[in-house]
Amino acid sequence: MSNYLIREIKKNDLDELMLLIEEHTDYEQAVYSGEGKKERLQTELFRENKQLHCWVIETNNEVNGFCSFTYDYSTWDAAFFIYMDCLYLRSSFRGMGIGSVILAKLKALAAEKQCVNVQWQTPEFNAPAIAFYKKNGALSKDKIRFTLPVNSK
């Protein structure tokens, strides 16, 4: 497929991003809560010196996917790396090479920013994603991800 555009998110993409995030959490069998999320994302995505970056995948003037990432620092490597938080394409846009282009674009950005690597995670049950990542040259390490909730009101 050649009729798509990978571009920086714009403020008028936020409503569609919210739908994509909800679809992504459903796909990964996670719980979704949209309460206050749009406002927090808008603040973070469009502020000066932002930590969170987001590309959207536009096809026929519609947003049908996104990739979000941050820059982080590894004590093990004593170097910066890109952490890909989310890569999600609607099912009808998978298998067309778009994901491979996104990974190549992230890898090029990491090299440009002198990062040591690009890291991410996916659930163990997401066999299609695991196969896709391995096909694109990614290496995996078995780990268990923990989340320590912080109650804030």
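Helix H1 covers residues 14-27; helices here are DSSP runs of H or I with at least four residues, strands are runs of E with at least two, and both are numbered from the N terminus. Its 14 residues at 1.5 Å each should span 20 Å, and the end C-alpha atoms are 20 Å apart, which agrees. The expected span is 1.5 Å times one less than the number of residues.

Before I go on, this is a predicted model, where local features need pLDDT of at least 70, side-chain atom pairs count only at pLDDT 80 or more, and totals for chains, interfaces and linings use all residues. Residues are numbered from 1 along each chain as its sequence is written, and side-chain values use heavy atoms, with hydrogens and water left out.

Which residues of H1 are buried? They are Leu 14, Leu 17, Met 18, Leu 20, Ile 21, His 24 and Thr 25, buried being under 20% relative accessible area with a 1.4 Å probe, protein chains only. Down the axis of H1 these fall within an arc of 165°, so they line one face of the helix; the arc is taken over directions from the helix axis to the C-beta atoms. After H1 comes Gln 29, with a positive phi near 55°.

Now strand S2. In S2, 8 of the 8 residues are buried, so the strand is largely enclosed by the rest of the structure. Leu 52, Cys 54, Val 56 and Glu 58 point one way, and His 53, Trp 55, Ile 57 and Thr 59 the other.

S2 pairs antiparallel with S1 (residues 4-8) over 5 bridges, and with S3 over 8 bridges; pairing requires at least two DSSP bridges. Leu 5 stands opposite Glu 58, and Cys 54 has Ser 68 of S3 as its bridge partner.

Key. Buried < 20%, exposed > 50% of the residue type's maximum accessible area, 1.4 Å probe, protein only.
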